[in-house]
Amino acid sequence: MKRKLLAARLDLADKISEIASRKGTLYDYVNDILEQAIRAEELGIRLKEVLDDRWLIKTARDAGFIVIPKKIICELAEQAYAKLGKKKMKKLWYETGQWYGKYYDDLKEFEKAVKRYFWDLSEFKLAKKGENLTLTCLSSKYSEVYPELFSKFLEGALNALGYSLEEGEVSKGIISLRFSKSKGK
Amino acid sequence: MSKERSRNQKLIRAPADLVSKLNEAANREGKTFYNYVSEIFEQAVRAYEMNHSLKEIIDNYEILEVHKEAGAIFTPRDILDHLIKKTYQEDGKSLQQLWYQTGKWYGIYLKEKFEDSLQAFHHLLKEGRWDLNQVFMKRNQKTIEFRCVSAFISQERTMLIKKFIEGAMHSLGYKTQETECFKGIIRLKFSP
């Protein structure tokens with residue numbers, strides 16, 4: 001097989017050589033790396049994004065999220081909604097949201113997490129104006145029950161982050177909530 | 001090349017065909033080959049520091065894409081378990097059917113997307129974030145065996161994952177031969 005020389009940044013070349021020495025030969029290790037870079041290129045993705053995503057999954061798991069087809073979660077939610085009633089189900093989502101609000105303990109971090117993990121949302125925006133906060137969330141019109149429950153999840157989280165719900169509108173595909181800073185927070 | 005610059009560089013030998021391909025890719029992106037290769041090496045080092053190879057990371061990325069295509073989302077685990085617990089007792093059969101059908105969809109999709117769809121499915125179970133601690137697949141000419149173990153999933157979720165596996169395997173063209181399901185343990189045997 002024909003070989004070519006490629007110039008690499010000294011610090012990176014040294015690091016790659018060091019790793020290679022634990023795995024086998026430098027040539028084989030570089031070969032593997034370049035093959036995967038070409039594979040990523042053919043898939044139309046950037047290696048940096050792929051590695052960022054890997055990190056995302058790890059942090060999602062650490063935060064207690066699980067990947068599940070939306071069809072299943074919507075179906076389960078609708079069945080449970082009918083059996084347990086609105087009140088209990090909303091309470092469950094609200095309390096789970098509260099837990100996440102406390103877990104992230106920062107409005108910006110929570111916003112980032114929602115944007116990262118709920119990739120089905122076409123828009124998620126938190127707009128702060130003085131003591132008021134407006135939340136807008138748009139997603140596919142998948143289910144009637146799911147947005148209602150998801151809005152309780154968001155309300156619970158924002159409540160734990162120091163905001164009380166003033167008014168809200170929830171319909172298929174759209175959640176629009178307005179909060180104000182909780183007294184004493 | 002200036003002396004200063006060459007002092008900060010090192011030459012590494014690599015297969016000529018790969019170098020040519022990457023050179024073309026760098027040109028397409030409007031980057032110098034040197035910068036393009038540096039980015040690749042930076043990510044390789046980052047992957048190593050995450051205790052993975054680039055191959056494993058790209059494999060996992062492809063699996064995550066399968067979930068995205070399937071319309072899967074991240075959901076709080078507590079909510080999922082609570083919903084399953086509350087609905088399974090009364091309507092376990094229809095839930096099982098729902099998971100079976102979802103599995104069938106995944107099977108069809110994997111068959112279309114991956115050359116070795118069975119290996120991709122094994123990978124999906126391992127990396128699917130379903131709290132399975134161990135997923136073994138034993139493949140021989142006559143049978144395919146799966147053994148999944150989890151220390152902390154409920155009996156109900158175990159049963160639903162089993163149905164999901166069956167659905168996917170049926171779409172991949174295999175028939176169920178034997179099944180065994182116990183809280184946190186699934187053993188399934190399929191034949192072509």
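Trainee: Are B:Asp131 and B:Arg77 buried or exposed?

Mentor: This is a predicted model. In it, B:Asp131 is buried, and B:Arg77 is buried too. Buried here means under 20% relative accessible area.

Trainee: What do the side chains of B:Asp131 and B:Arg77 form?

Mentor: Start with the general idea. Side chains of opposite charge can pair when their charged atoms come close. Now the case here. B:Asp131 and B:Arg77 form a salt bridge, with 2.7 Å between the closest N and O atoms. B:Asp131 sits in the loop between helix H6 (117–127) and strand E3 (134–139) of chain B, while B:Arg77 belongs to helix H5 (residues 77–113) of that chain, so the pair ties together parts 54 residues apart in sequence.

Trainee: Which strands hold B:Lys189 and B:Glu178?

Mentor: First, the pair itself. The side chains of B:Lys189 and B:Glu178 meet in a salt bridge of 3.8 Å, N to O. B:Lys189 is in strand E6 and B:Glu178 in strand E5 of chain B, so the bridge ties together parts 11 residues apart in sequence. B:Lys189 is partly exposed, at 21%. B:Glu178 is partly exposed as well, at 36%.

Trainee: Which residues are linked with them in a network of salt bridges?

Mentor: B:Glu145, B:Glu180 and B:Arg187 join B:Glu178 and B:Lys189 in that network.

Trainee: How many residues apart are A:Glu95 and A:Lys91?

Mentor: They are 4 residues apart in helix H5 (residues 86–104) of chain A, which means about one helical turn separates them. A:Glu95 is partly exposed, at 40% relative accessibility.

Trainee: How many salt bridges are there over all chains?

Mentor: The whole structure has 33.

Conventions
Residues numbered from 1 in each chain as written. Chains lettered and ligands numbered in written order. Predicted model: local features only at pLDDT ≥ 70, side-chain atom pairs only at ≥ 80, totals over all residues. Heavy atoms only, no water. Salt bridge = Lys/Arg side-chain N within 4 Å of Asp/Glu carboxyl O. Helix = DSSP H or I, 4+ residues; strand = E, 2+ residues; numbered from the N terminus. Buried < 20%, exposed > 50% of the residue type's maximum accessible area, 1.4 Å probe, protein only.
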